[in-house]
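Reader: I have a model open and want to learn how to read its features. Can we take them one at a time?

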Amino acid sequence: MNRLLFGVALSAVMGIAQGQNPPVAQPAKPNADPYANNAEAGKLQFPLAAPAGVDSGAMKTAPPGATNTAKIDPATWKYGQNYNSTGSKIWNPVKLKMMQGGKVTGGTLFSSADASTYCAMANAGYDFIWTEMQHNTRSWADVAKMWQACPHAKAVPGVRVAYTDEREIQHAADAGALVIVVPTVDTVEEAIAARDWAYFPPLGKRSLGGGQAFDASMWGGVPGGYRNTINENLVLILMIETIEGAKNAYEIAKVPGVTAVFAASGDLGNFSGYAQGSPDYERLINVVHDATISAGKRLCGPFAWRDRPDFTCFQNGSETAAIAKGVAAELGPLANTQAKVEVGPLAPPPAKH
């Protein structure tokens, strides 16, 4: 036993003498819990902390070595390099396809909260899934479970939130959305707010709150890290649906961080009082077109407008419509050839005389 202990001690001494480096701490594994890797209390030192009970004067005076030495002001703050992603490749295929000028399709998951239905849609051939949260009663918990069921499906998770709102947009982003659609954007102030809640600083004001987007099973393991690269990979689509929105379309489209503008086919008719094809309706659509092209952004609309000039981003039909069309295509001439019974609840109603 003594010889064994002596050997262990000798090995340790020799390692030190030869300059052997101690084990290097490995970076923390990406985790959905933002507090999972908190430092252990009682083991930190705070050499730059304000003295107890004393005004340190930090508002006017920076500590030695600081980059920002003027009075604290968001307008003049020089951001640090913690989240510099220079040189990182795009890992969101929707963003890449838009940058390449391709036509992007989004399948609409309108009513289902079932993970298997979502995953079937996500692997059916679309570029992203337009999970409907404006006109649906699903919870964000339902959405998160569906996205988590097949995070790396062919179509990336996307969502139309209810409105320009911090809670809505940050719930979407933290759950893992790579495409965020914001409806009824009427003013440049609303466009800026949507941008701010969707993107991390310095582009926006998204809070670092965790969520399954940060988990290694979702986007936590992307090259460069999720926090560092999501600003370059997120797709933000703003919908213009009203007369006021059309009035401000040029300013809305120019907001930095806006990837695309959606000319809302249904609601521009709803709010204007004119049907598609009429001169007044088409004028509104053309205004959105002109503003978007002028800003160098992508132009979105319904899939029926696939061949309309300059439209390269589309909302497709719902899961129920896709099932109906898919079955009809699969069955061909055998579709809707059910036998016609004469009695029972499946019989046709009697003719009225």
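Author: Start with a loop. Asp 310 is found between strand E7 (298–302) and strand E8 (311–318). This is a predicted model.

Reader: What is phi of Asp 310 near?

Author: The general idea comes first. Most residues other than glycine have a negative phi. Here, phi of Asp 310 is near 75 degrees, a positive value in a residue other than glycine.

Reader: Now peptide bonds. Is the one from Pro 201 to Pro 202 cis or trans?

Author: In general, most peptide bonds are trans. The bond from Pro 201 to Pro 202 is cis, with omega near 10 degrees. To find Pro 202, look in the loop between helix H6 (188–198) and helix H7 (226–233).

Reader: Which residues lie nearest the centre of the second largest pocket?

Author: Gly 80, Tyr 83, Pro 201, Pro 202 and Arg 227 do, out of 14 lining residues. The space in the second largest pocket is about 280 Å³. Its lining has 5 nonpolar, 7 polar and 2 charged residues.

Reader: How much space lies in the largest pocket, and what lines it?

Author: About 330 Å³. Its lining counts 19 residues, and the closest to the centre are Pro 30, Asn 31, Asn 37, Phe 214 and Arg 227. By class, the lining of the largest pocket comes to 8 nonpolar, 8 polar and 3 charged residues.

Reader: On to helices. How are two packed helices described?

Author: By the angle between their axes and the distance between the axes. Take helix H3 (residues 115–122) and helix H4 (residues 140–149). They pack at about 50 degrees, and their axes are 8 Å apart. H3 and H4 are therefore oblique to each other. Their crossing is right-handed.

Reader: Which residues make the contact of H3 with H4?

Author: H3 supplies Ala 115, Tyr 118 and Cys 119, and H4 supplies Met 146, Trp 147 and Ala 149. By class, this contact has 6 nonpolar residues, no polar and no charged.

Reader: H4 also packs with H5. Why is H4 called roughly parallel to H5?

Author: Look at the angle. H4 and helix H5 (residues 166–175) pack at about 25 degrees, with axes 10 Å apart. H4 is therefore roughly parallel to H5, because angles under 35 degrees count that way. H4 passes H5 in a right-handed crossing.

Reader: Which residues of H4 and H5 make that contact?

Author: From H4, Trp 140, Ala 144 and Trp 147; from H5, Arg 167, Glu 168, His 171, Ala 172 and Ala 175. By class, the contact of H4 with H5 has 5 nonpolar, 1 polar and 2 charged residues. Trp 147 of H4 takes part here and in the contact with H3.

Reader: At what angle do H5 and H6 pack?

Author: At about 40 degrees, with axes 8 Å apart. H5 passes H6 in a right-handed crossing.

Reader: Which residues of H5 and H6 meet?

Author: Glu 166, Ile 169 and Gln 170 in H5 meet Ala 194, Trp 197 and Ala 198 in H6. These divide into 4 nonpolar, 1 polar and 1 charged.

Methods:
Residues numbered from 1 in each chain as written. Predicted model: local features only at pLDDT ≥ 70, side-chain atom pairs only at ≥ 80, totals over all residues. Heavy atoms only, no water. Axes fitted to C-alpha atoms, helices over the stretch in contact; angles between N-to-C directions. Helix = DSSP H or I, 4+ residues; strand = E, 2+ residues; numbered from the N terminus. Parallel < 35°, antiparallel > 145°, perpendicular 65-115°, else oblique. Left-handed = near helix turned anticlockwise from the far one by under 90°. Contact = heavy atoms within 4.5 Å. Nonpolar A, V, L, I, M, F, W, Y, C, P; charged D, E, K, R; others polar. 1 Å grid on protein atoms, 1.4 Å probe; cavity = no way out; pocket = protein on both sides within 12 Å on 5 of 7 lines; lining within 4 Å. Points joined across faces, edges and corners; volume = space filled by probe spheres on them.
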